Amino acid sequence: MDLFDKISADIKTAMLAREKVRLETLRGIKKEFLEAKTAKGADGTLTDDHAMKILAKMAKQRRETAQIYAEQARPELAENELAEAAVIEEYLPKALSADELRAELTAIIAETGATGPKEMGKVMGVASKRLAGRADGRAVSEMVKQLLNS
């Protein structure tokens, strides 16, 4: 069962369980998936890799929006955004810890043969593909800079 089918099945389960936030979030995910499938230039299919990228983007948007709401003293809206982010994150692979990220990036640096900050692009190209959905791009970038400068 691919991710699209799993989301569709979970929508039915959320309806039966009357879980409002979960249902709304899953419907939003399905909408994004359908838009990706029918986008101009798309072939009508959605790979799990592309679906993971969409989910990661949606989760990041929810966390950033929650932070803005919290700064504006709107805790009820922030709470709703965080609840939606939690539902989305259930479908993403477990995020890497700082130590796991460092180990992965050290291996990628050794693999690419990068020796200094000028070769950061080479490392980031491989890292962004390999760590997609498991680590935030900003965290990866900062860690690569740190590792290449030392």
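How many positive and negative side chains does the protein chain have, and how far apart do the centres of the two sets lie? The protein chain has 25 positive and 25 negative side chains, and 3 Å separates the centres of the two sets. The model described here is predicted.

## Overall build

The protein chain contains 7 helices and 0 strands. Read from the N terminus, its elements follow the order α-α-α-α-α-α-α. Along the principal axes, the C-alpha atoms fill a box of roughly 55 × 45 × 25 Å.

Of the contacts between residues at least 6 apart in sequence, 57% join residues at least 24 apart.

## Surface and interior

The protein chain has 150 residues, and 32% of them are buried. The chain exposes about 9500 Å², of which carbon and sulfur atoms supply 54%.

One feature of the surface is a negative patch, formed by Asp2, Asp5, Asp48 and Asp49.

Helix H1 covers residues 3–17 and includes aspartate 5. Aspartate 10 also lies in helix H1.

Aspartate 5 has a relative accessible area of 39%, so this residue counts as partly exposed. Aspartate 5 is also one of the residues that form the negative surface patch.

Aspartate 10 has a relative accessible area of 15%. Buried means under 20%, so aspartate 10 counts as buried. Leaving out residues up to four places away in sequence, aspartate 10 touches Arg22, Leu26 and Tyr91.

Key. Residues numbered from 1 in each chain as written. Predicted model: local features only at pLDDT ≥ 70, side-chain atom pairs only at ≥ 80, totals over all residues. Heavy atoms only, no water. Patch = residues over 30% accessible without salt bridge, like charges linked within 9 Å, V, L, I, M, F, W, Y side chains within 5 Å. Areas by Shrake-Rupley, 256 points an atom, 1.4 Å probe, with all protein chains shown as cover. Salt bridge = Lys/Arg side-chain N within 4 Å of Asp/Glu carboxyl O. Lys, Arg positive; Asp, Glu negative; His and termini not counted. Charge placed at Lys NZ, Arg CZ, Asp CG, Glu CD. Helix = DSSP H or I, 4+ residues; strand = E, 2+ residues; numbered from the N terminus. Buried < 20%, exposed > 50% of the residue type's maximum accessible area, 1.4 Å probe, protein only. Contact = heavy atoms within 4.5 Å.
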